[in-house]
Amino acid sequence: MVPTTATALVTKGGKLSKETIAVPTPREDQVLVKISHVAQNPTDVQSLDTNAFGDDAVLGCDFVGTVEKTGDKVSRLKTGTVIAGLIWGGEIKGLGGYSEYTVADERICFPLPKGVPPEKASTVPLAACTALLALFSKDCLNIPHKSGETVLIWGGSSSVGLYAIQIAKHYGLDIVTTCSPRHHDLVKSFGASHAFDYRDPEVVASIKAATNSNLKYVFDTIGNGSSSVTASQAISEQGGGLCTVRPGKAFTENVTKQTKVTDVLVWTAFLKEHKYKDFYWPPHKEDHELSAKFFKELPELLSSGIITPNTPKLFEGLDSVQKGFQEYRDGAISNYKIVEFASLCPGGRQQDFSPVPTQGVMTIIDESKSIASQYHVLRETYEFDSDQSDAVDGSEKKNDNEDVLNEEKSIMDSPAAPTTLTTYSSRSDGGASTPDISYLHLQESSTSRATGTEVKLTPSYLSVTDLCQSSTEFARPLQPVVREYTFSPLSNTHHYPPHGTHSIVTHTTETYIPPFSLGLGVSQDKPRPPEPFLPLSSSEKARLLSSYIKETGTWCETTDSNMHFTMRSLHSMAESEAFVAAAMSLASRQQDHVAKVQRPVTLELYQYTIKHLLQQDPATAGVAILAACTLLCVYEMMASSVHDWRRHLKGCAGLLLAKNWNGSSQGIVKSCFWAFARIDIWAAFISGKTTLIPANFWLDDTSIESAMKKDVDDYCNLAIFIFAQIINMFAEPEFGTREARHTYTVSVSKLWGKLQAWYQLRPREVCPLLRATCSPPKVFPDIIYTSSSASEYLTFSV
């Protein structure tokens, strides 16, 4: 039974007050919703701080909740359905998201599809609808659907920008966008054809070149003092339109003369008049029909992956709203969206993401940067920087943060521990990182050395080598598929021979077979192979994943203080069966090593992982697949001879090179690169060869001055890079010959100078905390570092 009163946050004198209000009654076309999640938007904070709606207003626009009652003419939604929707919190007294109950237009809501978590769904309505109207409303850009027209989305990695890219791509447009260079791969993966650095003085010229000076449409998702003016300069001299998220067309006074300026108002999605102070907007039938059609399609768009939601940062309960608002005022929000949520289960989360009726206290969601704090919480992996404003609803953030999605993090904040970040299952020793084994000194329970025994796969198992050789019975029927799905030919600089003894040749140029034959099982004209069978129970799976988090996953985090493999990116990567399989395989292999046994289940898990990787299209392989391949590189290092595991490294190297991922990338990609790089260096050193990834590909900026401006991880990674250069020099055929003596004398001198400069300029955190002298028979002194990154330098120098 629906109660007559509800708890809500109500505006009082420019502040929020928790009060009891009447539960609203839905009109004939509305539904009454018991709210479980509400996403914080800049308009919420600005409305409060400017006292826009006076006293007794309930703010909050994006929500997720359960339908408790329906109006007489409601046909799409039923009681008990979990939905996400949009309301203009504050416009009507007593109606808004920061409340236990609200009413909403059923046509501007959508039922949550299975597999889409409510906290993510709550970030969709306002930002996605804003993007839709800006692109296609007759009062905005009015771009024809499926026209192939080019649109410039200024601020492509903002919340609205990412939705705009995906929506424009879905409706057949060509997208050019701007963002920070480190997010170019991200926005391109979402559908942008070209991405440019908005800070580049030549950005306008670059856009003109990409569009043949024929650009007619611009959507400014930032709306600050320079974005519209700069973006308008890329518009064709024949004229074009620019739509800004800034209400009232603010900051557009100085756009180019050929530019027609419009602004987008998301509230026209509702078929009703709107009044705000001296402003009046009549009902807009076309915008409402456009929006209603879009909301009807959203479940399919989300479940199919055509649209990926923003990443949330979770706060619990109405009491946390003030905290989220203050983060916005302090300019602390970057790369995430704040979401307040109900206490649905331990940790404040539903463990089953299927739409079910929710109970309990509402939670607020702020679309912001997120850090994973609990093991059972899954997240997407996106990462962003903080360089432009997050103008989700036409408002500008104080700290000029552009990006709202974060490819790496999820944060759960609780009133019980508002400033404490804890891991659900992280380290058995309370936080000390297990030493990294991925550079050769394998650890037995983090103490004893590995035996180096080579493990052979019996004929009943399909090995990586078998999968990579085109002569096997399994691979022979799929040779056309291999040719179709292998990576494009690498340049001469980055070209390496394929796996196995048989090269696959396309025309006259060798192509590189993807890591562990990614895509070998993918075919457009063949049915998808059945899902492989997991060879262990759920309890054993939990035990292995716990072992991975506590030990084997930490091996890849030696120079990753953010702990992407075991915490920050784990939730999103755990959505990939291939990654979970690789993590379990490595953990099982380590348990075998410690117990000095070879259990069949370990090889079965290895084969299970390979079968999952066979089904991955290398053209679309994401960061979770890269992480899975990285873990298998560590596995091969434990299970194979040096020659064999170096050969298996080539697949992972190919993926990094093909995706243009290197040590200057961010998030889990950066962590994967440096974990792989350490293995690459040791394999090259032992085999007397050069690293598989050329040293000139490792970093965008190799100067020590640049490293000094970054964190300890980056500074220590520079030392690893210097060692790679040294090892590659030793492996060159001419090194040590009389003829090249002078040349290499200069090279050695330069590298020695770099190493000494690195050592002398190292920050305090990289210096030893304690150095104890040693007496025979000990050879090396005891040295204690506060950072695992710093100890990595010692490992290589010794």
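Student: In which helix is Ser291 found?
Tutor: This is a predicted model, in which local features need a pLDDT of at least 70 and side-chain atom pairs count only at pLDDT 80 or more, while totals for chains, interfaces and linings use all residues. Residues are numbered from 1 along each chain as its sequence is written, and side-chain values use heavy atoms, with hydrogens and water left out. Helices (H or I, at least four residues) and strands (E, at least two) are DSSP runs numbered from the N terminus. Ser291 lies within residues 285–303, which form helix α8.

Student: Is Ser291 buried or exposed?
Tutor: Buried means under 20% relative accessible area, exposed means over 50%, and partly exposed lies in between (1.4 Å probe, protein chains only). The relative accessible area of Ser291 is 0%, so Ser291 is buried.

Student: Which residues is Ser291 in contact with, leaving aside its neighbours within four places in sequence?
Tutor: A contact means heavy atoms within 4.5 Å. With those neighbours left aside, the partners of Ser291 are Ile108, Cys129, Leu132, Leu133 and Ala269.

Student: How many residues of helix α1 are buried?
Tutor: Helix α1 spans residues 42–49 and is mostly covered. The cover over its buried residues includes β1 (5–12), β2 (15–22), β3 (30–40) and α9 (321–329). The buried residues are Pro42, Thr43, Asp44, Val45, Ser47 and Leu48. Of the eight residues in α1, the number buried is six.

Student: Which residue with a positive phi follows α1?
Tutor: Most residues other than glycine have a negative phi. After α1 comes a residue with phi near 50°, and that residue is Asn51.

Student: What is the relative accessible area of Asn142?
Tutor: Asn142 is a residue other than glycine with a positive phi, near 55°. Asn142 sits in the loop between α3 (125–136) and β8 (150–154). Asn142 counts as partly exposed because its relative accessible area is 38%.

Student: What is the relative accessibility of Phe251?
Tutor: Phe251 is not a glycine, yet its phi is positive, about 65°. The loop that holds Phe251 runs between β12 (240–244) and β13 (259–263). Phe251 counts as partly exposed because its relative accessibility is 34%.

Student: At what angle do helix α16 and helix α17 pack?
Tutor: Two packed helices are described by the angle between their axes and the distance between the axes. Axes are lines fitted to C-alpha atoms, for helices over the stretch in contact, and angles run from 0 to 180 degrees between N-to-C directions. The axes of α16 (residues 600–614) and α17 (residues 623–639) are 12 Å apart, and their angle is about 145°.

Student: Which residues of α17 make the contact with α16?
Tutor: On α16, the contact is made by Thr602, Leu603, Tyr606, Thr609, Ile610 and Leu613. From α17 come Ile625, Leu632, Tyr635 and Glu636.

Student: What percentage of the residues in the chain is buried?
Tutor: The chain has 23 helices and 24 strands. Among contacts between residues at least 6 apart in sequence, 73% join residues at least 24 apart. Of the 798 residues in the chain, the buried share is 59%.

Student: Over which residues does pLDDT stay under 50, with 611 contacts beyond four places in sequence?
Tutor: pLDDT is the predictor's confidence in each residue, from 0 to 100. The chain averages 75, and 73% of the residues score at least 70. The stretch with pLDDT under 50 and 611 such contacts in the model is residues 343–517.
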